[in-house]
Amino acid sequence: MASPSDESELQNGGGEAAPEPKVEANTEAEAKVDGDPEQTAIQSDDAKNTPSAEQSAEPELRNDEGNKTFTMRELLSELKDGEGNSAAGEGETRDASHHYSSKGTQQQHHTDNNDPAMELINSVSGVDEEGRSRQRILAFAARRYASAIERNSEDYDALYNWALVLQESADNVGPDSSSPSKDALLEEACKKYDEATHLCPTLHDAFYNWAIAISDRAKMRGRTKEAEELWKQATKNYEKAVQLNWNSPQALNNWGLALQELSAIVPAREKQTIVRTAISKFRAAIQLQFDFHRAIYNLGTVLYGLAEDTLRAGAVVDKEVSPNELYSQSAIYIAAAHALKPNYSVYRSALRLVRSMCGPSLLRNLDYMVHKEVVAVMVLPLPFLKVGYLTAPPAGNPLAPHSDWKRTQFVLNHEGLQQLNKVEQKQTTQTLSGKTGDVVQIDKGAIRVDVSDIVSVSACTDLTLPPGAGLCIDTIYGPVFLIADSWESLDGWFDAIRLVYTIFARGKSDVLAGIITG
């Protein structure tokens with residue numbers, strides 16, 4: 001662990017806990033917090049576990065959680081209208097297909113007294129006036145769906161909506177996530193989702209929200225065997241939701257988060273495989289929605305945690321990717337998430353942390369020794385976002401013979417991709433971004449791709465290209481073909497270029513410029 005002198009240094013660099021961000025208007029869940037600073041960044045505890053001052057000293061990145069579908073919001077809006085209309089006149093007859101029946105109060109009492117789910121819902125009062133008002137609406141909805149099930153036991157829509165009501169009631173219990181009533185409500189919700197999906201196996205929203213309910217139950221149980229089983233159930237339900245609705249970046253993001261949580265509990269021999277699978281889910285979510293900042297940030301945290309694990313193990317787990325590269329990749333995603341959502345305090349704190357890892361504080365806190373020598377880690381290669389090697393043809397001659405293609409250094413910043421010819425690096429001079437740094441000589445004949453000229457970015461395999469992991473950057477002037485050192489390296493270049501373009505398309509290039517040149 002860090003020494004006391006290092007503690008304040010890390011806190012100033014973003015290691016301390018920051019307030020949780022609220023999600024956007026089209027979401028209902030809150031971003032959850034990583035809690036245990038003794039574990040890697042990919043692990044998370046309940047938000048109620050606030051790190052102490054000593055714990056806050058450890059490097060720690062938070063996960064940004066996904067969110068439920070819009071169904072519950074639409075349901076509540078409809079129910080508010082329905083409740084208001086029913087209160088407008090006592091003599092009005094309710095439509096039996098939309099309300100809890102015209103049999104009146106007698107049936108309501110019968111339903112409440114004979115259904116354990118209704119008893120649980122009636123026991124929830126809400127923590128404030130808004131919560132109490134919300135709970136009255138939820139109780140009204142529960143009676144409505146209980147009555148619908150009494151009339152038709154195979155009404156899977158009613159079962160699904162009843163499960164949503166139970167799940168929302170659990171969220172309304174209060175901040176004490178260990179409350180027995182909260183877990184009982186979630187358990188009842190899971191039972192309703194189970195029944196609904198047995199009746200309608202293609203109900204992907206049910207599998208998705210069922211997985212969220214299981215995940216919430218798992219979080220209450222810490223790092224126990226019971227929690228492990230629940231996380232496994234959650235991942236299976238997210239997988240089913242994605243199989244039924246592949247075009248769901250939220251489900252993929254949450255699937256990745258569940259895998260992260262599972263990786264913190266399983267034996268070490270199983271962890272790497274699960275972490276790699278989580279990485280693939282976050283990447284798949286980003287491929288569906290390029291500006292999905294939560295998945296971008298979460299991918300950064302899982303890569304950060306993988307780098308930490310690799311350093312602690314004292315050996316490179318993946319022969320193709322070193323810890324240095326993992327840290328650098330992590331920083332790219334965190335920087336991109338911050339550029340897309342600069343007001344999110346969690347992203348801001350994480351960015352301060354990865355930027356601070358270039359100096360002595362990193363060396364004192366990693367405590368990673370190889371033959372008694374501390375390994376330094378390059379995070380962001382400022383003033384660039386990414387620096388690496390690609391094999392390229394002579395500038396302006398993409399059809400050149402394979403023998404003429406050369407492996408040269410490229411740099412990526414907010415302006416675009418540039419081929420470099422390095423000369424001596426002992427002096428300082430102006431770089432592409434106008435800041436001092438290593439000496440670089442920009443050959444006028446070198447390949448340059450401005451971000452504003454990019455049309456698309458894709459992986460490619462073409463017999464006319466040299467063998468290897470091909471990258472095609474289609475521009476308004478025609479395609480640019482490059483070859484990465486490996487397929488793993490290609491993923492890094494592919495994501496980084498696409499993120500820079502997405503940030504440009506969203507009008508946030510100035511934010512990214514501030515990150516890498518400020």
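**Chain overview and helix packing in the predicted model**

Among contacts in the protein chain between residues at least 6 apart in sequence, 64% join residues at least 24 apart. The model is predicted. The chain holds 17 helices and 12 strands. Of its 518 residues, 55% count as buried.

The mean pLDDT is 75. A value of 70 or more is reached by 66% of the residues. Over residues 66-70 the pLDDT stays under 50.

Two helix pairs were examined. Two packed helices are described by the angle between their axes and the distance between the axes. Helix H4 spans residues 116-123, and helix H5 spans residues 129-151. Their axes come within 9 Å and cross at roughly 170 degrees. Angles over 145 degrees count as roughly antiparallel, so H4 is roughly antiparallel to H5. H4 passes H5 in a left-handed crossing. On the H4 side, the contact is formed by Met118, Ile121 and Asn122. These residues meet Gln135, Ala139, Ala142 and Arg143 of H5. By class, the contact of H4 with H5 has four nonpolar residues, two polar residues and one charged residue.

The second pair is H10 with H11. Helix H10 covers residues 249-263, and helix H11 covers residues 268-288. The two pack at an angle of about 165 degrees, with their axes 8 Å apart. H10 is therefore roughly antiparallel to H11. The crossing of H10 and H11 is left-handed. From H10, the contact residues are Pro249, Leu252, Asn253, Trp255, Gly256, Leu257, Leu259, Gln260, Leu262 and Ser263. They meet Lys271, Ile274, Val275, Thr277, Ala278, Lys281, Phe282, Ala284, Ala285 and Leu288 of H11. By class, the contact of H10 with H11 has 13 nonpolar, five polar and two charged residues.

A further feature concerns the backbone. Most peptide bonds are trans. The bond from Leu382 to Pro383, however, is cis, with omega near 10 degrees. Pro383 lies in a loop. This loop runs between strand S2 (373-374) and strand S3 (386-392).

Terms used: Residues are numbered from 1 along each chain as its sequence is written. This is a predicted model: local features need pLDDT of at least 70, side-chain atom pairs count only at pLDDT 80 or more; totals for chains, interfaces and linings use all residues. Side-chain values use heavy atoms; hydrogens and water are left out. Axes are lines fitted to C-alpha atoms, for helices over the stretch in contact, and angles run from 0 to 180 degrees between N-to-C directions. Helices (H or I, at least four residues) and strands (E, at least two) are DSSP runs, numbered from the N terminus. Angles under 35 degrees count as roughly parallel, over 145 as roughly antiparallel, 65 to 115 as roughly perpendicular and the rest as oblique. A crossing is left-handed if the near helix is turned anticlockwise from the far one by less than a right angle, and right-handed if clockwise. Contact means heavy atoms within 4.5 Å. Ala, Val, Leu, Ile, Met, Phe, Trp, Tyr, Cys and Pro count as nonpolar, Asp, Glu, Lys and Arg as charged, and the others, Gly among them, as polar. pLDDT is the predictor's confidence in each residue, from 0 to 100. Buried means under 20% relative accessible area, exposed over 50%, partly exposed in between (1.4 Å probe, protein chains only).
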